[in-house]
Amino acid sequence: MSSIGPVRRNPAQQRRSILSMLQKLTFAAVVAALAASPAIGKDKQFVIGVNSFGESAEYAHTLTEEIQQHPWVLNGKVKIVVFDGKFDPLVQSNAIDTMITQKFDAIIMESFDREASSAPIEKAIDAGIPVIGSALESSSDKITSQIIVDDPLGGKMIGDFLAERLKGKGNIVVLEGPIGQSAQISRRKGIDASLAAHPGLKLIASKSGNWSRAEGQAVMENWLSAYSGQINGVLSENDEMALGAIEAIKSAGLNPADVPVIGIDGIPDGKRAIADGEMYMSLYKYAKAEGQGALDLALRQLVGESYEPQSEIWKSLNIDWAGGTSKHYTVPWLTLNKENIAKYMN
């Protein structure tokens, strides 16, 4: 009787067996790696860039701080990297190039120049990076979404408020933002609409103060000299320039209450000036809404339709989330004046 020995395989069979075993081991290793990796799946940390128009501007810096307080930033699900645009479209464009090269997940864009921002934004979009516009508008029709205030309406509102304060008659001056920036264009459009509706108001001078308190003061000093005793009111497209104008008025020995100044933004110094009776009023521009709202919209693009907005601004300001996919979201204005300012002081 012959004994049964071990089954012998030919070389081809042995190679197939070894290959099959390696494939099973490799598949198991990949599955384990996918399960353990924090960069893939629900535990991924998103890296999102904030392309600020200029961190030296109080509003821009406040907006950045509000973004940093978003719930998903605080719990570590999102890492925010801030790029200071320094009021320069080229600096902002270079920042977008950096974010594309480093493969950022999304970009929040505060376009310093409405037209110049279009090409770099579209470059990021073409690279597969969603771009959410915040604070200032871009002319790009490819931008993923934008969340900003209605600047033409804001301009008209401050014009109408000054017309009411002056009883529809008087000489006024206008301090504008950087020429060509979306807020400057849109707010001036609203101011012009208000002036057209109140023919008793005469615009005797307008000039850019570049959102700067110091420049606003310098421009106002020149006007007080050139139009001595003739200026009845001041419209400023932001609070910083308005505060500069107030300093010029006081330095000239005049009472700010006699030359009403109206601004926009509702920054802390502006609110204090209203409380002190030096600034007649301002429109509050919600940095939290424009900042955290933009981050929610960016995360909706990254997470998908299951994402629910985390910031409370959508409910508190009654802004329609609309699934997080609308092209444009509008943040409402709030009027700040002597009567209500105490409620909004920090």
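This is a predicted model: local features need pLDDT of at least 70, side-chain atom pairs count only at pLDDT 80 or more; totals for chains, interfaces and linings use all residues.

Me: How many helices and strands does the protein have?

Reply: Helices (H or I, at least four residues) and strands (E, at least two) are DSSP runs, numbered from the N terminus. Here the protein has 12 helices and 12 strands.

Me: What share of the residues counts as buried?

Reply: Buried means under 20% relative accessible area, exposed over 50%, and partly exposed in between (1.4 Å probe, protein chains only). Of the 346 residues, 47% count as buried. As for contacts (heavy atoms within 4.5 Å), 72% of those between residues at least 6 apart in sequence join residues at least 24 apart.

Me: In what order do the strands of the parallel sheet lie?

Reply: Two strands pair if DSSP finds at least two bridges between them. In this open sheet of 6 strands the order is S2-S1-S3-S4-S5-S11, and the pairing is parallel. Strand S2 (78-84) and strand S11 (328-331) are at the edges with a single partner strand each, so one side of each is left without a neighbour in the sheet. From one strand to the next, the twist averages 20 degrees. Such angles run from 0 to 180 degrees between N-to-C directions, with axes as lines fitted to C-alpha atoms, for helices over the stretch in contact.

Me: How many bridges join S1 to S2, and which helix packs on this sheet?

Reply: Strand S1 (residues 46-52) is joined to S2 by 7 bridges, the two running parallel; Ile-48 has Ile-80 in S2 as its bridge partner. Helix H2 (residues 58-68) packs on the sheet and touches S1, S2, strand S3 (106-109) and strand S4 (131-134), its direction making about 170 degrees with that of S2.

Me: Which strands form the mixed sheet?

Reply: This open sheet has 6 strands in the order S7-S6-S8-S9-S10-S12, with mixed pairing. S7 and strand S12 (334-337) are its edge strands, each pairing on one side only. Strand S6 (residues 170-176) and strand S8 (residues 233-236) pair in the parallel sense over 4 bridges, and the partner of Val-173 in S8 is Val-234. H8 packs on the sheet, touching S6, S7 and S8, at about 150 degrees to the direction of S6. S8 and S9 also pair in the parallel sense, over 2 bridges; Leu-235 has Ile-262 as its bridge partner in S9.

Me: Are the faces of S9 covered or uncovered?

Reply: Both faces are covered: Val-261, Gly-263 and Asp-265 on one side and Ile-262 and Ile-264 on the other are all buried.

Me: Which phi angles deserve attention?

Reply: Most residues other than glycine have a negative phi. Trp-211, although not a glycine, has a positive phi of about 65 degrees, and Asp-265, likewise not a glycine, has one of about 130 degrees. Trp-211 is in the loop between strand S7 (201-208) and helix H8 (213-226); at 10% relative accessibility, Trp-211 counts as buried. Asp-265 is in strand S9 (residues 261-265) and is buried, with a relative accessible area of 8%.

Me: How many cavities are there, and what lines the largest?

Reply: On a 1 Å grid over the protein atoms alone, a cavity is a set of points where a 1.4 Å probe fits but cannot get out; a pocket is an open set with protein on both sides within 12 Å along at least five of seven lines, and lining residues have an atom within 4 Å of a point. Grid points are joined across faces, edges and corners, and a volume is the space filled by probe spheres set on the points. The count is 2 cavities of 30 Å³ or more. The largest cavity has a volume of about 140 Å³; of its 14 lining residues, Phe-53, Tyr-59, Trp-211, Asn-238 and Asp-265 are the closest to its centre. H2 and helix H7 (182-197) each supply at least two residues of this lining.

Me: Which residues lie nearest the centre of the largest pocket?

Reply: They are Thr-62, Gly-266, Pro-268, Lys-271 and Tyr-284, among 14 lining residues. The largest pocket holds about 220 Å³ of space, and H2 gives the largest share of its lining, 3 residues.

Terms used: Residues are numbered from 1 along each chain as its sequence is written. Side-chain values use heavy atoms; hydrogens and water are left out.
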